[in-house]
Structures are given as structure tokens and as C-alpha cells.
Amino acid sequence: MNNKLKIGIIGLGRIGQVHLAALKTLKDVDVVAVSDISPDLIKKTVEEYQIPNFYTDYRLLLHQKDIDAVWICSPTTYHFTQVKEALDNNKFVFCEKPLDAELSKIETLINSYSDLSLRLMVGFNRRFDPDFATVKNRLQEIGKPVIIKITSRDPFPPSAEYSRQSGGIYNDMSIHDLDMARFISGSEVEEVIAIGSKNYTEDIDTTLITLKFKNGIICNIDNSRKASYGYDQRLEVLGHDGMISAENKKITNVQFFSDSNIQSSVLEPFFLERYKQSYIEEAKEFITAIKEKKEFPSTANDALQASILAHACGQSLEKKQMIFL
């Protein structure tokens, strides 16, 4: 492998464009190929980013011998097959969450490759958000954590088509927060309870989740598909000796005070803006792990555990009872 990591991207939809933009900020990578089923999207992308190789058949990208690593940003239904084919073509692989909607397929991947943690990284970008990472790194300053509170609310509900293809709120939205809860707690969940309602879509779009971890930490997660005031992303941890929190990011930090009111900027509009830096940091960690030949910081097992929790949330909602893991 040369000094620059040569990368191919499969899937040029919204999340594929986010990852492509992040990768293009890095000096030690070279995006040499892209693939998508839409010729128009391919044409627009390769012209904008000056990418030399492009395919409507992703298999041709996987067979391009000079590609070191593949970014899989296609819809979830393709993840399992494309990850396996990329691994079998001797590529390092980055795959967006979830690895698959079926737990058994994720387990199959884990059981099929003994060195998978050195070859596959799963996209849980919020772990790499500078504010959330700081919370994780400074936990020891608040003593033993006892309560984690996570708020994640989208500014507007998804389209009906997106809702049908998303796999539901727990697999699509809550899974990020379930992973964050594991990441912050450093433990595994033993009890799950979830309640939810339909307010804006034909699917569950508002939910509260409570997790109890094996180390005694309790976590509350608050998700909504609509928050009219903007993209609401907060994290708080209460410990024996204090509390640490990461508050919302605003468009500006300017505030205005008068004798009758206080004015503040609105929140960042959506994840593209709020988590822009996290996608860059995530890509950096991927590259560092390859160069240093170390385990990726978010693995297939992390993906499995988050999917197990998402599945348990669905079960709890359906059965109206606590789920024990």
C-alpha cells in the first residue's frame, strides 16, 4: 500500500455524499472510484470531485486491484452482501450502520472472519464527535457514573417512503443513541424497556427508552422524529462526584440580553451540519487503525450489540413489557 490510502465508495446518496466530502478533506487518502445505480448521480459526483473511475455495478469497483479500502454507503439491505464481497476481495471495509437488519447475518460475518475487527469498521460517527468524545474522556472526573441521559430529536419527520425503508425508529434513529449509551457506560445492557407513539408519521416516531447496564448505570434515551426548533442533540452523565454534559450546537454563539428578553441563535439545522466534524474524525480513525495495524474503534460486535438493543426496544414496545438480555 502506498502512502495514500486508495478508497472506493459504494452508494452516492445522502450519506455517501457526507462521507465523500469528509474523505476529500484528508490529505492521506485518495478517492479513486465510486459506484451507484444512478448514472446521473455518478456523473454529477465525478465531475464535482474529479474522480477517475466510476461504475453502476459495484462489483467492478471491488475488483479494481489498486483500491485498498471500500466505503459502503448503500441501503441497509445491501450491506451484508457488499461487506462480505469486499472482504473476500481483500479490501479494508467501512460500512454505515446497521450491518444488517437480521442479527443472524451480523453474527455470520463475525463468525466468518477471525480478524474482522482489523478489517471492518462500522459507522457510528457520534463516537467521534469532539464534544461527546470529551465527555467520554473526562468521565473519571465525575466519579462513578450512575445516570446517562441522551436526547436526540430530528427537526422534521422523514418522508413516508423513507419511513417504510428505514427499518423503524429503533434501527434507523435510536441505534446511534443505543451505541452511544454502550460507549459511555463501558458496559452491556441487562434490561430494556421502551414506549412509543405515532405523532407525525405512520410509524412509531416518538419514543422513550430506559436501559439498565450490568455495572448499575441507568440510561434514559429520548427520541423524536420532529423538534420544530431544530436538531436537538444532548448528552449528560451524572456521577458520584459531579456531572458532565454536552449541550446543543448553535449556528452562532452570540447572545443578546436586554431588560425584556434574552435572544440566542437557533440550533444547527440537521445532522449534516451538527456532525460534520465527526465524520472527518471517524475517517481519520479508520486510516490510523489501518496504518498502525490495530483494531478499529467501532467493530462488527459493536454493530451487533446496538442491533440487539434496537431489536429489544421493538420487542418491549410490542409486548408492553421489560426485556431481559
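First, what I mean by a cavity and a pocket. The search runs on a 1 Å grid over the protein atoms alone. A cavity is a set of points where a 1.4 Å probe fits but cannot get out. A pocket is an open set with protein on both sides within 12 Å along at least five of seven lines. Lining residues have an atom within 4 Å of a point. Grid points are joined across faces, edges and corners, and a volume is the space filled by probe spheres set on the points.

Now the ground rules. This is a predicted model, in which local features need pLDDT of at least 70 and side-chain atom pairs count only at pLDDT 80 or more, while totals for chains, interfaces and linings use all residues. Residues are numbered from 1 along each chain as its sequence is written, and side-chain values use heavy atoms, with hydrogens and water left out.

Cavities, then. How many of 30 Å³ or more does a search of the whole structure find? Two. Strand S7 (145-153), helix H8 (169-185) and strand S11 (232-239) each supply at least two lining residues. S11 gives the most, with three. Helices here are DSSP runs (H or I, at least four residues), strands likewise (E, at least two), numbered from the N terminus.

By class, that lining has five nonpolar, two polar and three charged residues. For the classes, Ala, Val, Leu, Ile, Met, Phe, Trp, Tyr, Cys and Pro count as nonpolar, Asp, Glu, Lys and Arg as charged, and the others, Gly among them, as polar.

The second largest cavity holds about 30 Å³ of space. Among its lining residues are Pro158, Ser163, Asp203, Asp205 and Arg225. Its classes are three nonpolar, two polar and three charged.

On to the open space. The largest pocket has a volume of about 1400 Å³. It is lined by 49 residues, and Ile15, Ser74, Pro75, Thr76 and Tyr162 lie nearest its centre. Helix H1 (14-23), H4, helix H7 (160-165) and H8 are the elements that give two or more residues to this lining. Which element supplies the largest share of the lining of the largest pocket? H4, with five residues. By class, the pocket lining has 21 nonpolar, 17 polar and eleven charged residues.

Stay on H4, residues 76-88, for a moment: phenylalanine 80 sits there. Is phenylalanine 80 buried or exposed? Buried, at 15% relative accessibility. Buried means under 20% relative accessible area, exposed over 50%, and partly exposed in between (1.4 Å probe, protein chains only). Phenylalanine 80 and leucine 109 are 29 residues apart in sequence, yet 7.9 Å apart in space, C-alpha to C-alpha.

Next, charge pairs. Side chains of opposite charge can pair when their charged atoms come close. A salt bridge is a side-chain nitrogen of Lys or Arg within 4 Å of a carboxyl oxygen of Asp or Glu. The structure holds 21 of them.

Take aspartate 179 and arginine 127. Their closest N and O atoms are 2.8 Å apart. Aspartate 179 lies in helix H8 and arginine 127 in the loop between strand S6 (120-123) and helix H6 (130-137), so the bridge ties together parts 52 residues apart in sequence. Aspartate 179 is buried at 1% relative accessibility, and arginine 127 is buried at 9%.

Another pair is lysine 249 with aspartate 131, at 3.1 Å, N to O. The lysine lies in the loop between strand S12 (242-246) and strand S13 (255-257) and the aspartate in helix H6, so this pair ties together parts 118 residues apart in sequence. Lysine 249 is partly exposed at 30%. Aspartate 131 is partly exposed too, at 27%.

Last pair: arginine 234 and aspartate 232, with the closest N and O atoms 2.7 Å apart. Arginine 234 is partly exposed at 28%, whereas aspartate 232 is buried at 1%. Finally, the network: salt bridges that share partners join Arg127, Asp179, Arg182, Glu188 and Asp302.
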